[in-house]
Amino acid sequence: MAADLNIFVTEETVESDADGPLSGTTVAVKDNISTEGLRTTCGSAMLDDYVPPYDATVVERLKDAGATIVGKANMDEFGMGSTTETSAFGATRNPVDPERVPGGSSGGSAAAVAAGEADLALGTDTGGSVRNPAAFCGVVGIKPTYGLVSRYGLVAYANSLEQIGPFGSTVEEAATLLDVISGPDANDATTRDASEARSASDGRTGTARETGTSSDYASAADGDVDGLTVGVPTELVDGADDRVVEVFEDALSELEAQGVETTEVSLESVGHAVQAYYVIAMSEASSNLARFDGVRYGKSGGYEGNWNESFARAREEGFGSEVKRRILLGTYALSAGYHDKYYKKAQDARAWVAQDFDAAFESVDVLASPTMPVLPPKLGESLDDPLQLYLTDANTVPVNLANLPAISVPAGEADGLPVGLQLIGPKFGEEQIIRTASAVEQ
Amino acid sequence: MSDTSVDAEEVRHVATLARVDLDDAEVEEFAAQFADILTYFDALDEVPEVDDEAELVNVMRPDEVRESLSQEEALSNAAEAEDGFFKGPKVS
């Protein structure tokens, strides 16, 4: 089945001798997370023979926890895409309906769990790339607070936005994997000290739990939401497909039956989030991908001539269209004369989005929206118009701009296709969104 | 009102800056798409100036010798290496 759905770029089993919470558990790892001795391609021809000489911190933690790695999951090239169709190794298909995309960019990871090829999976979320495929494949995906999970060993695309996040069939399973991978790392200075996280976590009950080895996100999946206030940002529901909205509203009614109070909130800034997200992500991509020069790693092309020319020709061959598009647009946005118009304004929008969320969390515990405004499209349906594709990320990108945690949990089906519900929490409020998501499951 | 216009020449110029060669078909395709995408980005003009009071602190570790990749490991993915060095095309 895996071959038909094109879930793995590299299917290879790495066993662990350690005895831990993931002993006997299989995990698929997205192919932009470094695995020592195991090819890591980022879905790109540029890196099709790259073999990392070290493990990412999250992979070390998987091995220490006793997990068995079953393969490197297919993905949009360098994480750039929302459908897992831009991989140099071909598109992944959605296990729910193989005519449709699994979502992206962590489509292989989500499909691995949905198809039963792995118990759990790791993906990365820069603008929704864990939550989007979780929603389209009908599994659970968590985008952690920025700084909760180490990015050491992740092949960077947009450093200020991306986080590694877990997939599972259930909220509790995904939370168990989050327990394993989260916590400070001396190799990633953006990871946060447990005490900083503690003061911000779980505002509703006032209980304090540490991140890292002492975290216990799994036990937060207790479904106890009585008395919780859930805010629904009208801006994140208005543009969605009617079929999606219907499933979303039914799920909210279920939560209300369990004692949740729902209230409408407004996030005026999110109307500019997609523009800000893409300007920032593309700008960071143009810088990050400059390292692929075919000298230290990457395709060299073997061209003669001066460095710049041989570099540019190797990159023409090694990168796919979406990657080139974003490198060029990012270079443009940062170039003289346009920096203030695009990049600086995008940073203003980012701060505005963060302030809007902060204000909303003064009156509600969590925010809820459809994860994706649409049902999973058919393969090939959305590739021709990049701008339309960027717009499908409207509900997920604001979370990355504000560095917040969010989870996508299956809320039901429309026309036989999965619909995901997104729950967003305040910084380091993972327990609250996990608890609420577990109530949606019931 | 948008003042965004991107022609083929501008796409070629940015591609040169970004060190990515493009074929003619790609230049044409990108020129059309960039006009749309940049026009969409123009909506950022409406964003108010926001006081960003980020609480940033420098995070430093002591500058001490630590374990690292061996020279052999560091060179293991290079297309060409010589005498323990990466070998690149000549710099003109």
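When I call a residue buried I mean under 20% relative accessible area, and when I call one exposed I mean over 50%, with partly exposed in between. With that settled, let me say that what we are looking at is a predicted model, for which the predictor gives the complex an ipTM of 0.91 and a pTM of 0.94. Chain B averages a pLDDT of 87, and 91% of its residues score at least 70.

I would like to start with helix 8 of chain A, which covers residues 242-257. Its 16 residues, at 1.5 Å a residue, should span 22 Å, and the end C-alpha atoms lie 23 Å apart, which agrees with that expectation. The buried residues of this helix are Val244(A), Val245(A), Val247(A), Phe248(A), Ala251(A), Leu252(A) and Leu255(A). Seen down the helix axis, these buried residues fall within an arc of 165°, and so they line one face of helix 8. On the other side of the helix, Asp242(A), Glu246(A) and Ala257(A) are exposed. As for the two ends, a side-chain oxygen of Asp241(A) reaches to within 2.8 Å of the backbone nitrogen of Arg243(A) at the start of the helix, while the helix is followed by Gly259(A), whose phi is positive, near 100°.

Let me turn to charged pairs. Side chains of opposite charge can pair when their charged atoms come close. Over all chains, the structure holds 21 salt bridges, and I will go through a few of them.

In one of these, Arg326(A) pairs with Glu322(A), with the closest N and O atoms 2.7 Å apart. Both residues sit in helix 11 of chain A, residues 321-334, and because they are four residues apart there, about one helical turn separates them. Arg326(A) and Glu322(A) are both buried. This pair also belongs to a network of salt bridges that links Glu322(A), Arg325(A), Arg326(A) and, from chain B, Glu29(B).

Another salt bridge joins the side chains of Asp222(A) and Arg435(A), at 3.2 Å from N to O. This pair links distant parts of the chain, 213 residues apart, with Asp222(A) in the loop between helix 6 (194-200) and strand 7 (229-233) of chain A, and Arg435(A) in helix 15, residues 430-441. Are the two partners buried or partly exposed? Asp222(A), at 41% relative accessibility, counts as partly exposed, whereas Arg435(A), at 7%, counts as buried.

A further salt bridge is formed by Asp97(A) and Arg100(A), whose closest N and O atoms are 3.0 Å apart. Here Arg100(A) has 19% relative accessibility and therefore counts as buried, the cut-off being under 20%.

At 0% relative accessibility Gln163(A) counts as buried, and a polar atom of its side chain lies 3.2 Å from the backbone nitrogen of Val149(A).

Finally, the cysteines. A disulfide is a covalent bond between the sulfur atoms of two cysteines.

Definitions and conventions: Residues are numbered from 1 along each chain as its sequence is written. Chains are lettered from A and ligands numbered from 1 in the order in which they are written. This is a predicted model: local features need pLDDT of at least 70, side-chain atom pairs count only at pLDDT 80 or more; totals for chains, interfaces and linings use all residues. Side-chain values use heavy atoms; hydrogens and water are left out. A salt bridge is a side-chain nitrogen of Lys or Arg within 4 Å of a carboxyl oxygen of Asp or Glu. Buried means under 20% relative accessible area, exposed over 50%, partly exposed in between (1.4 Å probe, protein chains only). The expected span of a helix is 1.5 Å times one less than its number of residues. The arc is that of the directions from the helix axis to the C-beta atoms. A polar contact is a pair of N or O atoms within 3.5 Å; within protein, one must be able to donate a hydrogen and the other to accept it, and residues adjacent in sequence count only if both atoms are side-chain atoms. pLDDT is the predictor's confidence in each residue, from 0 to 100.
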